Amino acid sequence: HRKYVPFTPIHRPQRRWPDQVITESPRWCAVDLRDGNQALVKPMTVAQKTVLFQLLVDVGFKEIEVGFPAASQPDYDFVRKLIEENLVPDDVTIQVLTQAREELIARSFEALKGARKANVHLYNSTSRVQREKVFRLDVDGIKAIAVAGAEALVRHAQANPATEWVFQYSPESFTGTELEVAAEVTNAVIDVWQPQNGQEVVINLPATVEMSTPNVFADMVEWMGEHLHHREHLCISVHTHNDRGCGVAAAELAVMGGADRVEGTLMGNGERTGNMDIVTMAMNLYSQGVDPLLDLSDVKRIAETVESVTEISTHPRHPYVGELVFTAFSGSHQDAIRKCLSTYSEGDKWEIAYLPIDPRDLGRRYEEVVRINSQSGKGGVLYVLERDFGITLPRWLQIEFSRVVQGFAENEEREVQTDEIHGLFERHFLSV
Ligand code: KIV
Ligand code: ZN
């Protein structure tokens, strides 16, 4: 049928990324306060943004996109508050988004007056669909918008020399842009900014809409790295969305394809299906022995704060964070976990069946791991008895007692709490 057409794979016999593993953390930029915020039913207030900013700082983000001040008064007020109340730590760079229009750029620089260091993130759409149907411009027309924006950044930065400026450009809708066009427009911007003269330049390649499998996106990123001017002086960043459910995978493969930096949000809040989830990618790295340089040791605080400012609840199966992701109800899983944990000591290599990482590394407790319902077998019941009450049953009583608990769960049609298991134990074995 003709309504949807397959994406075009890129013919790249020399591609390098399939042989890579990620051996060090990329730079992260948290865009919760901009991309995340602009997708909310109720955008955050200045007070809520301040709470989330503090969380992002505490987690260890060194680059934080704080808003789109030329497009929203609360965003403008928030940027002013950060600067005037001196809320930005010395090692943190704030970033603001702006379209490539003189009056919006001027307003963005006005918002940033007095900042110690700031990234001005310029974007315009480059995809074929947007060129033809939205802007009705050819490639030269789109390039002229980007170049005029880039030149305006240089002018405003020169007029405000007290701030250390970082320039960032996104060919928005990159995933719908022919690679030659994306490179031509981006190179025109790079030529204005002259990164080889010491200007810090970030080129951010967004999967504004995720339109292909992650391998195709990684090929696109690798190809751009080979075709951008002054690659060695650029920071190549990716900014993936999750329309096909692969935002994290696309960012991971893009890093293998040469990206230095990843933009995303805590737990993936963002436009439509969300931005890529930095918590998931960071913990994926962590589980491979790579330090993500983010402190995720109190994931409960992270989830609660994000939930309170976004008013979006966390799915119980959300990777690493959801209530149920380290829980086993089924008997065989419980038995395997119990056996592995019984021989595990602090400092050992983590080799616990069904638990890809130690829940305690996220501030979670082993108590969450084994929970009992009608699917649970003797392993789980024994584990709870031992763990919570120090009771060990002889082999010949184990099956008998697990049947008692299972019968109770079947009758009640719900989870059985640990004190109920103890009650059943007392009633079954101790009552006369
Ligand atoms: O998704 C996107 O393309 C964006 C850009 C503004 C970077 O959010
Ligand atoms: Zn985005």
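1. Ground rules. Residues count from 1 along each chain as its sequence is written, while chains are lettered from A and ligands numbered from 1 in the order in which they are written. Since this is a predicted model, local features need pLDDT of at least 70 and side-chain atom pairs count only at pLDDT 80 or more, though totals for chains, interfaces and linings use all residues.

2. UniProt, in an unreviewed entry, lists residues 26-300 as "domain: Pyruvate carboxyltransferase". Positions follow the numbering used here, feature names are shortened, and annotations may be inferred rather than shown by experiment. Over residues 26-300 the chain is 44% helix and 19% strand, with the end C-alpha atoms 24 Å apart. Helices (H or I, at least four residues) and strands (E, at least two) are DSSP runs, numbered from the N terminus.

3. Around ligand 1. Which residues are around ligand 1? They are Asp35, Leu97, Tyr123, Ser170, Glu172, Asn204, Pro206, Thr208, His239 and His241; a residue counts as near if its C-beta atom, placed from the backbone, lies within 6 Å of the molecule. Strands β5 (164-172) and β6 (200-207) each give at least two residues to this shell. By class, the shell has three nonpolar, five polar and two charged residues. Here Ala, Val, Leu, Ile, Met, Phe, Trp, Tyr, Cys and Pro count as nonpolar, Asp, Glu, Lys and Arg as charged, and the others, Gly among them, as polar.

4. His239 lies in strand β7 and is buried, because 29 other C-beta atoms lie within 10 Å. The cut-offs: 20 or more such atoms within 10 Å means buried, 12 or fewer exposed, and in between partly exposed, with C-beta atoms placed from the backbone. His239 touches Ser170, Asn204, Pro206 and Glu263, leaving out residues up to four places away in sequence; contact means C-beta atoms, placed from the backbone, within 7 Å. Asn275 is in the loop between β8 and α10, and counts as buried with 30 C-beta neighbours inside 10 Å.

5. Helix α9. Is α9 (residues 247-256) mostly covered or uncovered? Mostly covered: ten of its ten residues are buried, Glu252 among them. The cover includes β6, α8 (214-227), β7 (234-240), β8 (261-264) and α10 (278-286). Just after α9, Gly258 takes a positive phi of about 115°.

6. A helix crossing. The axes of α13 (residues 378-389) and α15 (residues 418-430) come within 10 Å and cross at roughly 95°. Axes are lines fitted to C-alpha atoms, for helices over the stretch in contact, and angles run from 0 to 180 degrees between N-to-C directions. The two helices are therefore roughly perpendicular; that label covers 65 to 115 degrees, with under 35 roughly parallel, over 145 roughly antiparallel and the rest oblique. The contact residues divide into six nonpolar, two polar and one charged.

Conventions. Contact = placed C-beta atoms within 7 Å.
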